[in-house]
Amino acid sequence: MGRQRNLAGRLKNLTELYTREKTVNDYGEDSYIYKLYCRVWAEIIPQRGSEEKVAIDVRQSVTHKFIIRNHIKITNDMYFMFKGQKYNVLYYMPHYADRDIIEVYCKLVTEDGESYGI
């Protein structure tokens, strides 16, 4: 019981997880839209940030680890929304010490829709 209580205390950020869904547009062509898949409690941990100067531009890369309960099927075409910021899923892996959770590594996306970094 203590471990579950500790996990519940860590997962304190209510996020929204979006998934890509295939549709057909007005021209009969396959198209994709993003829809809310679920709301999920997560622990969000900044992992690394870097800055690179290229000519007259500065490129920034910021990644975060989202720790969530292991009951949701995650795919690489999903993204999280938290406090108005978008985090694209890069990859995910089980947490080997605690099989109840999964670690999802994400890249922070800027307000104009561009990802930080290359």
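Tutor: A polar contact is a pair of N or O atoms within 3.5 Å; within protein, one atom must be able to donate a hydrogen and the other to accept it. Please keep in mind that the model is predicted.

Student: To which backbone oxygen does the side chain of Q47 reach, and at what distance?

Tutor: Q47 belongs to strand 2, which spans residues 30-54. A polar contact requires N or O atoms within 3.5 Å. The side chain of Q47 meets that limit at the backbone oxygen of I45, at 3.3 Å.

Student: Is Q47 buried, partly exposed or exposed?

Tutor: Buried means under 20% relative accessible area and exposed means over 50%, with partly exposed in between. The relative accessible area of Q47 is 37%, so Q47 is partly exposed.

Student: Which residues does Q47 touch beyond four places away in sequence, and how far is Q47 from C106 in space, C-alpha to C-alpha?

Tutor: Beyond that range, Q47 touches T63, H64, K65 and Y105. Q47 and C106 lie 59 residues apart in sequence, and their C-alpha atoms are separated by 9.4 Å.

Student: Where is H64 placed, and is H64 buried or exposed?

Tutor: H64 is part of strand 3. The threshold for burial is under 20% relative accessible area. H64 has 9% relative accessibility, so H64 is buried.

Student: What is the C-alpha to C-alpha distance between H64 and L108?

Tutor: Setting aside neighbours within four places in sequence, H64 is in contact with I44, I45, P46, Q47, Y87, V104, Y105, C106 and L108. H64 and L108 are 44 residues apart in sequence, yet their C-alpha distance is 7.3 Å.

Student: How many residues of strand 6 are buried, and which residues lie on each side?

Tutor: On one side are I101, E103, Y105, K107 and V109, and on the other are I102, V104, C106 and L108; all are buried, and both faces are covered. Strand 6 is therefore largely enclosed by the rest of the structure, the buried count being 9 of the 9 residues.

Student: How many bridges join strand 5 to strand 6, and which residue of strand 6 is the bridge partner of Y92?

Tutor: A hairpin connects strand 5 to strand 6 through 6 residues. The two strands run antiparallel and are joined by 8 bridges. The bridge partner of Y92 in strand 6 is V104.

Student: Of the residues in the largest nonpolar core, which touch the most other members?

Tutor: The largest nonpolar core has 18 residues, and those touching the most other members are F66, I68, I74, F80 and V104. At least two residues of this core come from each of strand 2, strand 3, strand 4, strand 5 and strand 6. In soluble globular proteins, nonpolar side chains tend to be buried together. One of the core residues with the most such contacts is F80, and the residues that F80 touches include T15, L17, V40, F66, V89, V104 and C106.

Student: How many disulfides does the structure hold?

Tutor: A disulfide is a covalent bond between the sulfur atoms of two cysteines. C38 is buried at a relative accessible area of 18%, and C106 is buried at 0%. The number of disulfides in the structure is 0.

Student: Finally, which pattern does the protein follow along the sequence?

Tutor: The secondary structure comprises 1 helix and 6 strands. Read along the sequence, their order is α-β-β-β-β-β-β.

Conventions: Residues are numbered from 1 along each chain as its sequence is written. This is a predicted model: local features need pLDDT of at least 70, side-chain atom pairs count only at pLDDT 80 or more; totals for chains, interfaces and linings use all residues. Side-chain values use heavy atoms; hydrogens and water are left out. Helices (H or I, at least four residues) and strands (E, at least two) are DSSP runs, numbered from the N terminus. A disulfide is a pair of cysteine sulfur atoms within 2.5 Å. Buried means under 20% relative accessible area, exposed over 50%, partly exposed in between (1.4 Å probe, protein chains only). Contact means heavy atoms within 4.5 Å. Two strands pair if DSSP finds at least two bridges between them. A nonpolar core is a set of buried Ala, Val, Leu, Ile, Met, Phe, Trp, Tyr and Cys residues joined through side-chain atoms within 4.5 Å.
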